[in-house]
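Open the structure in your viewer and keep the selection tool at hand. This tour goes stop by stop.

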Amino acid sequence: MRSLRSPSPLGRGVCHLNSFPRLAPGCRLNEKTQQPRTLLMPERALRLNGPSLEIVERCDGKHTVEQIIVDLQKIYSKAEPHKVEQDILGYLNLLQKERALDFQL
Amino acid sequence: MTSTIPNPLALIAELTHRCPLHCVYCSNPLELQSRTTELTTEVWSRVFKEAAEAGVLQADFTGGEPLARPDIVELVCAARSPGLYVNLITSGLPLDEAKLAALVDAGLDHIQLSFQGAREDTANEISGTKSHAQKLRVLEWLRQHGIAVTLNFVIHRRNIDQLEQMLAIAESSCATRIEFANVQYYGWAFANRENLLPTREQLNRSVEFLKREQERLQGKIRIEFVVPDYYAKYPKPCMGGWGRKLMLITPSGDALPCHAAQVIPGLAFENVRDRSLHEIWEQSAAFQKFRGEAWMQEPCKTCDRRELDFGGCRCQAWLLAGHAAATDPVCSLSPIRPKVDAILTGINAAPPAQLFVKPAWLYRPNPA
């Protein structure tokens, strides 16, 4: 049998440190061979670079918010860790507001 | 020399002009192309590949009704395989569960389902056929397949007072995006304009309602609202500027800068059967004609807003001012604006009884 998903129209989850962000239906990254890397969405596209690409690549339903923060703090080890965390949380919330992201527990 | 012309970002693929609906505001030209002139699967496949190579990110499959093409699943594969994001804009009428499953498996990214109203009687009147009940069935299948969905309600005088019921349909569905798009007056909508333009009071009420709802549904459902530009102070940045972002291919392969460009006399369109998409984008005279600012007249030429709205819509300038390089006449700075105001006054001064009686619609026929 085909696997069927039934996303609920309301309540797309909340951004906690232990929730798993995942790109919403209809949102995907373009292929690695296509430059520039872009988040494709219904009727829109968001060009990604550096940290934003690192974040979106990890929004696969397998990384927690906390893991993403730890990963990026390693990659951007010269930046102030608290600032990295705040920037990531801000960006994830923005993507959810844009309906590009869901959070699962 | 490197090119200074930006890439096209989206390709609007009008796969066919055939359609089971006869909507009175259809954006197709009055002269519809017949089935015998339609591009083959092979040519479309080449076009999608060339589009991806030229930097296009998204392909919008539209028509007519794109599902009228028997090769629609193959076409979705052909567009998805070079990496394009594939959006199917459909009435949902020819859809069944097996076809939907095949489309999803082929890599379809998103479906935009059009609605003609919230109530069966209005929706069927506007589409000229029994269509509403099938759309509600389609909504249920879409939920089961978990595909991303936008609902598109085309708004006008006869249904703008049903926004609350339309939103209720959307909220109970799996859609994460809703477009309330007021009719824009081209093609069949231009022919039916006197019976479609909402009153100012209707428009104001709808704007207030949707502002509230946008706030309430933030983060859950994205609501887009397109106002009828006859009521606007400044024109819309039509197609994001002529030859700047979008390219439309007609069923027979003509490459146009927008849906309505064929109304402008003297423009010669090149065909994707004869030339590559990239060459047409960069070199075709029709795309060059209103690209940039050199063609602009006053007041656009020296206007601070010219990089925001690019002078508005060239087709509307032709339709209302009789001159395609004129400032879009809906602009409050246009010398022709009084003509638009006179059209609005005609609607707003008319007795309500006259405005809401069922008109003699000019329905869009189905081409051979």
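Where in chain B is the place of M239(B)? Select M239(B): the residue sits in the loop between β7 (222-226) and β8 (246-249) of chain B. Keep in mind that this is a predicted model. M239(B) is not a glycine, yet its phi is positive, about 55°. Its relative accessibility is 18%, so M239(B) counts as buried, the cut-off being under 20%.

Next, go to chain A and select R99(A). This residue lies in the loop between α3 and β5 (101-104) of chain A. R99(A) also has a positive phi, about 65°, although it is not a glycine. With 5% relative accessibility, R99(A) counts as buried.

**Two cis peptide bonds**

Return to chain B. Select G63(B) and G64(B): the peptide bond joining them is cis, with omega about 10°. G64(B) belongs to the loop between β2 (58-62) and α2 of chain B. Now select E298(B) and P299(B). The peptide bond from E298(B) to P299(B) is cis as well, and omega is near 5°. Look for P299(B) in the loop between α11 (285-289) and α12 (306-309) of chain B.

**A helix pair in chain B**

Select residues 41-53 and 72-80 of chain B, which are helices α1 and α2. They pack at an angle of about 25°, with axes 8 Å apart. That angle makes α1(B) roughly parallel to α2(B). Their crossing is right-handed. Show the side chains: T41(B), W44(B), S45(B) and F48(B) of α1(B) meet E74(B), L75(B), A78(B) and A79(B) of α2(B). By class, this contact has five nonpolar, two polar and one charged residues.

**A helix pair in chain A**

Select residues 50-57 and 81-97 of chain A, helices α1 and α3. Their axes come within 11 Å and cross at roughly 65°. Therefore α1(A) and α3(A) are roughly perpendicular to each other. The crossing is right-handed. From α1(A), S52(A), I55(A) and V56(A) meet I88(A), Y91(A), L92(A) and L95(A) of α3(A). This contact has six nonpolar, one polar and no charged residues.

**Last stop: N30(A)**

Select N30(A), in the loop between β2 (28-29) and β3 (38-41) of chain A. Is N30(A) buried or exposed? N30(A) counts as buried, because its relative accessibility is 3%. A polar atom of its side chain lies 3.2 Å from the backbone oxygen of P36(A). Leaving aside neighbours within four places in sequence, N30(A) is in contact with P36(A), R37(A), T38(A), L40(A) and, in chain B, L57(B).

Technical notes:
Residues are numbered from 1 along each chain as its sequence is written. Chains are lettered from A and ligands numbered from 1 in the order in which they are written. This is a predicted model: local features need pLDDT of at least 70, side-chain atom pairs count only at pLDDT 80 or more; totals for chains, interfaces and linings use all residues. Side-chain values use heavy atoms; hydrogens and water are left out. Helices (H or I, at least four residues) and strands (E, at least two) are DSSP runs, numbered from the N terminus. Buried means under 20% relative accessible area, exposed over 50%, partly exposed in between (1.4 Å probe, protein chains only). A polar contact is a pair of N or O atoms within 3.5 Å; within protein, one must be able to donate a hydrogen and the other to accept it, and residues adjacent in sequence count only if both atoms are side-chain atoms. Contact means heavy atoms within 4.5 Å. Axes are lines fitted to C-alpha atoms, for helices over the stretch in contact, and angles run from 0 to 180 degrees between N-to-C directions. Angles under 35 degrees count as roughly parallel, over 145 as roughly antiparallel, 65 to 115 as roughly perpendicular and the rest as oblique. A crossing is left-handed if the near helix is turned anticlockwise from the far one by less than a right angle, and right-handed if clockwise. Ala, Val, Leu, Ile, Met, Phe, Trp, Tyr, Cys and Pro count as nonpolar, Asp, Glu, Lys and Arg as charged, and the others, Gly among them, as polar.
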